[in-house]
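Biologist: I am new to this structure. Could you walk me through how to read its features, one by one?

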Amino acid sequence: MANSLALTGVNAGYGRVRVLENVSVSVAHAETVALLGTNGNGKSTLMKCIMGMLRPASGSIVAEIDGARHDLVGRTTEEIVDLGIALVPEGRRLFPKLTVEENLLLGAFRRSARALITRNLDSAYATFPVLRERRRQLAGSMSGGEQQMLALARALMSEPRILLIDEPSVGLAPILVSRTIDKIKELKERFELTVLMAEQNFNQAVRIADRGYVIVHGHIAFEGHNTDELNNNELVRKFYLGL
Amino acid sequence: MRNSVFWLLAALSGVAFLAVTRALIANEYYYFAAYVVLQYIVLSTGWNILGGYTGYTNFGTGAFFALGAYASVVLHKTVSVPLPVMMLVGGIISGVIGLGTGYLTLRLRGVFFAIATLAMAIVMQTLIVNWDFVGGSRGVYIIRPASAPIAGSYIQYLYTLMLVLAVISVGIARTIERSRLGLGFAAIRDDEQAAEAGGVPTLRLKLISTTLSGALMGMAGAPLPYYVTYLDPDSSFSLAYAVNAVAMPVVGGMTSWIGPVVGSILLGTIQQLATVTISSALNLLIVGLLLIGFVIIAPNGIVGLVLSWRRRARAR
């Protein structure tokens, strides 16, 4: 059953500050799409719009989950999580003073997710063995890489079909960035996810992305239909990579 | 320990405590003093549901408490209902005020929420001061019924009711702590935005927290008119209630149900002793000093201290 996401002509901002201007982004079934851009260009704002944490001024956001179409604008975050969309927030945003297991349980807070909570917890521990070892440890006391794994595992606890990942590389050592990106690819294949990943680490993101968008000052500056187009585009080289 | 077992044990220890005190203590003064300590157990446990579990500092305890008391005054002057019913009504009134406060302050966090609750308390006090039916700023005299409906004197009756309420409050707090609700509260305390992004219904949980917290405070206040027999806005809305309701969980420990109980018994007893031995004006000074001391030396309260000692002993 198909899972996809389409944003069309989205305008959004905070108060009078416009952040996103006429942004159209789509993610087809089982695709990994990278949203590339440096800080302050609207990547997180776009994620917040999809999750219903910020209501766009105009434009449409439509998700197809298991073949059924849902208009996301105007829905609460809880409803959107219930539909099968989960966000790994920027900077991980774990609950630092709660244990690893409590963090995971909070990923499955919704009624629909609770029914399968034991199975999903086992699955999370099977996917991330280190989390089982550290089950009773406070999340804030783990290393950055482990915290990123926990953030991914927490998002998967709600059994999402579409996974949004906001800057998985933030605050991680280069070797861990590359490991995290590999892990995302593995998770995507194992759980048949449709993935939208915001990232500023161009080279790492392009490694696992099927295609990507470059966002500059709140509008889509370039759409690469495959990784070659992204790698070889003059605009990307000039404005984004500074080559 | 399972919840049902805890409730049973709490009820049994309440009954045992009641039986022992009633059998051994005849001097009525001790019931007056114990009533205040028990009242603080309810107030600080109620405060801790919002302040400790959910992470929202409420400085309006006095208002929730006084509204419970004034609800009883209104009932006393209009219909004659038994005191336990008045406590329920007081709880409902303060619970609704809690719900309203939560709704109006839903975007306020940290110190701004604290200021808003302080302002709410002042608004409520002003309303009562200007409401002549309940005595306005003059206050109101409430004549106690000649006899208590169950065995013993009237103060023993009040003491018994407050003991029952304290047991119920502690039971509620412990149940929340081990439940999904408590986990949701803790998520709000740790990182509200992350909780929201993960699909935790933060608004609904916050409203449950403010309502429950307010309701317990209102129930604690409902018997007050019969305890003091003269109720006026200045003393019932007193900031001392707010300060104590903050200090007791902080001193005891905010993350567990036992913290507010320990804090209330300790600070409440010290204050009662100071009142009879030194002066009642000294009470808040003692509370303030202890509060400062604990915030600096043991920010996790007595419970936190004990836990870290145990951990260190085990590590050895």
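**Reading the spaces, the contact and a strand**

Modeller: Start inside. The largest cavity has a volume of about 130 Å³. Keep in mind that this is a predicted model.

Biologist: Which residues are closest to the centre of the largest cavity?

Modeller: A:L87, A:R154, A:A155, B:A197 and B:G198 are the closest, out of 17 residues that line the largest cavity.

Biologist: Which elements give two or more residues to that lining?

Modeller: From chain A, they are β6, α3 (100-107) and α7 (144-156). From chain B, it is α7 (180-197).

Biologist: Strand β6 of chain A came up. Are its faces covered or open?

Modeller: β6 of chain A spans residues 85-88, and both of its faces are covered. A:I85 and A:L87 are buried on one side. A:A86 and A:V88 are buried on the other. Recall that A:L87 is also among the residues closest to the centre of the largest cavity.

Biologist: Which strand is joined to β6 of chain A, and by how many bridges?

Modeller: Look for the bridges and the direction. 4 bridges join β6 of chain A to strand β7 of chain A, residues 162-166. The two strands run parallel. Take one residue as an example: A:V88 has A:I165 in β7 of chain A as its bridge partner.

Biologist: Now the two chains. How do I read the contact between them?

Modeller: The size of an interface is often given as the accessible area lost when the parts come together. Here chain A and chain B bury about 1800 Å² between them. Of that area, 61% is on carbon and sulfur atoms. Within chain A, the residues that lose the most area to chain B are A:R93, A:F95 and A:F109. Together they make up 36% of what that side buries.

Biologist: How many residues does each chain bring to the contact?

Modeller: Chain A brings 19 residues, and chain B brings 19 residues.

Biologist: What about pockets? How much space lies in the largest pocket?

Modeller: Ask for the volume, then the lining. The largest pocket holds about 1500 Å³ of space. A:K97, A:L98, B:R189, B:T255 and B:S256 are the closest to its centre, among 40 lining residues. α3 of chain A supplies at least two residues of this lining, as do α2 (28-53), α7 and α14 (301-315) of chain B. α14 of chain B gives the most, with 7 residues. By class, the lining divides into 17 nonpolar, 14 polar and 9 charged.

Biologist: And the second largest pocket: which residues lie nearest its centre?

Modeller: This pocket holds about 690 Å³ of space. Nearest its centre lie B:F17, B:V37, B:L38, B:I41 and B:I265, out of 29 lining residues. In chain B, α1 (3-24), α2, α6 (154-177) and α12 (258-277) each give two or more residues to the lining. α2 of chain B gives the most, with 8 residues.

Biologist: How does that lining divide by class?

Modeller: It divides into 24 nonpolar, 5 polar and no charged residues.

Definitions and conventions: Residues are numbered from 1 along each chain as its sequence is written. Chains are lettered from A and ligands numbered from 1 in the order in which they are written. This is a predicted model: local features need pLDDT of at least 70, side-chain atom pairs count only at pLDDT 80 or more; totals for chains, interfaces and linings use all residues. Side-chain values use heavy atoms; hydrogens and water are left out. Buried means under 20% relative accessible area, exposed over 50%, partly exposed in between (1.4 Å probe, protein chains only). Two strands pair if DSSP finds at least two bridges between them. On a 1 Å grid over the protein atoms alone, a cavity is a set of points where a 1.4 Å probe fits but cannot get out, and a pocket is an open set with protein on both sides within 12 Å along at least five of seven lines; lining residues have an atom within 4 Å of a point. Grid points are joined across faces, edges and corners, and a volume is the space filled by probe spheres set on the points. Contact means heavy atoms within 4.5 Å. Buried area is the accessible area (1.4 Å probe) that two parts lose on being put together, summed over both. Ala, Val, Leu, Ile, Met, Phe, Trp, Tyr, Cys and Pro count as nonpolar, Asp, Glu, Lys and Arg as charged, and the others, Gly among them, as polar.
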